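Visitor: I'm new to this one and would like a walk through it. Could you show me how to read its features?

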Amino acid sequence: MSTSVSTPPLSPAGASRPSPQRRAGRGASGRARAWATRAPLLPALVFLVAVTQLPFVATLVISLFDWNSLAPDDRAFAGLSNYGSVFSDASLRDSVFTTVLLTASVVIVSVVLGLLLALLLDRKFMGRGFVRTLLITPFLLVPVSAALLWKHALYNPEYGLLNGAWAWFAGLFGDSAPAQPDWISDMPLLAVEASLIWQWTPFMMLILLAGLQSRPAEITEAAKLDGATGWQAFRYLTLPHLRRYLELGILLGSIYIVQNFDAVFTLTSGGLGTANLPYTIYQTFYQAHEYGLASAAGVVVVIGTIVIATFALRVVSSLFSEEANRA
């Protein structure tokens, strides 16, 4: 009589494990694959560091010195005194206030107009693609070209389109020689704001139109079946859905307008109270030759831009997460 001895199956705790040498080999091969994947990106990373971070570090170092190029032998270490001058100098304080006012007005008006245009283009009508192309065109122009267009084709007091339209409108009521205002001299900051609003409204429109077209169609249809009016659907469904897109448009627009230089330089040359912080930095660096003070002001602008960009990246990542969860 033979007895068979059955061996119990191995438990998970008693399962065979790879040897330390095999685990080390797998770890080395994994690191090698990771480096092989990243290696093509290293030249781009080195180039990015060389053209962005190294100049910023140099600017940061220069901002700690009292350095005027007209007296190079008098250069001396000044510590944080240049930063104190940025926040205490009257002209720099005024430029900071102008920058905030210019940024806030342009971004708010651009977002409102962009939302209205996005709601229009979200409807189906004949020629919608052609209209959308025309509305995007201002954003595709080079900023200096857009500013020159407004300065000469629209604002010029002798042959500008605005004065021509005003003369034609006044002629309808019997006034053959109406006053021809000089738009840039009479309302300089508003002239700069109008040109920037014209150029940045299409950008806001594109972001908000993308948000409108990502709405779940069944929710809107259910609201209509429940008897919701157009205003109620917009207030309680569309607007909450567009909150992230509105935040993204505001943040990205603020990043650009804070450091805008082209419109101020081209239209007013910083005169008549329109000098924002980037233009003041240009004056301090290239005209006053105060390298240390201009570098300190530039560092302040960069830090402010980084703060805004950080919020923008968080909004973008949250948008991607919501789309991934929805998919």
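Visitor: How many cavities of 30 Å³ or more does a search of the whole structure find?

Guide: A cavity is a set of points on a 1 Å grid over the protein atoms alone where a 1.4 Å probe fits but cannot get out, and lining residues have an atom within 4 Å of a point. Points are joined across faces, edges and corners, and the volume is the space filled by probe spheres set on them. Here the search turns up 1 cavity of 30 Å³ or more, and the largest cavity holds about 40 Å³ of space. Before we go on: this is a predicted model, where local features need pLDDT of at least 70, side-chain atom pairs count only at pLDDT 80 or more, and totals for chains, interfaces and linings use all residues. Residues are numbered from 1 along each chain as its sequence is written, and side-chain values use heavy atoms, with hydrogens and water left out.

Visitor: Which residues line the largest cavity?

Guide: Among them are P143, A146, S195, Q199 and D262. Helices α6 (143–154), α9 (188–213) and α13 each give at least two lining residues; helices are DSSP runs (H or I, at least four residues), numbered from the N terminus.

Visitor: How is a pair of aromatic rings described?

Guide: By the distance of the centres and the angle of the planes. Rings of Phe, Tyr and Trp (its six-membered ring) pair if their centres lie within 6.5 Å; planes under 30 degrees apart are stacked, over 60 edge-to-face, the rest tilted. This structure has 16 aromatic pairs. Take W150 and Y155: their ring centres are 5.4 Å apart and the planes sit at 55 degrees, so this pair is tilted.

Visitor: Which residues form one aromatic cluster?

Guide: That would be F139, W200, F203 and Y256.

Methods
On a 1 Å grid over the protein atoms alone, a cavity is a set of points where a 1.4 Å probe fits but cannot get out, and a pocket is an open set with protein on both sides within 12 Å along at least five of seven lines; lining residues have an atom within 4 Å of a point.
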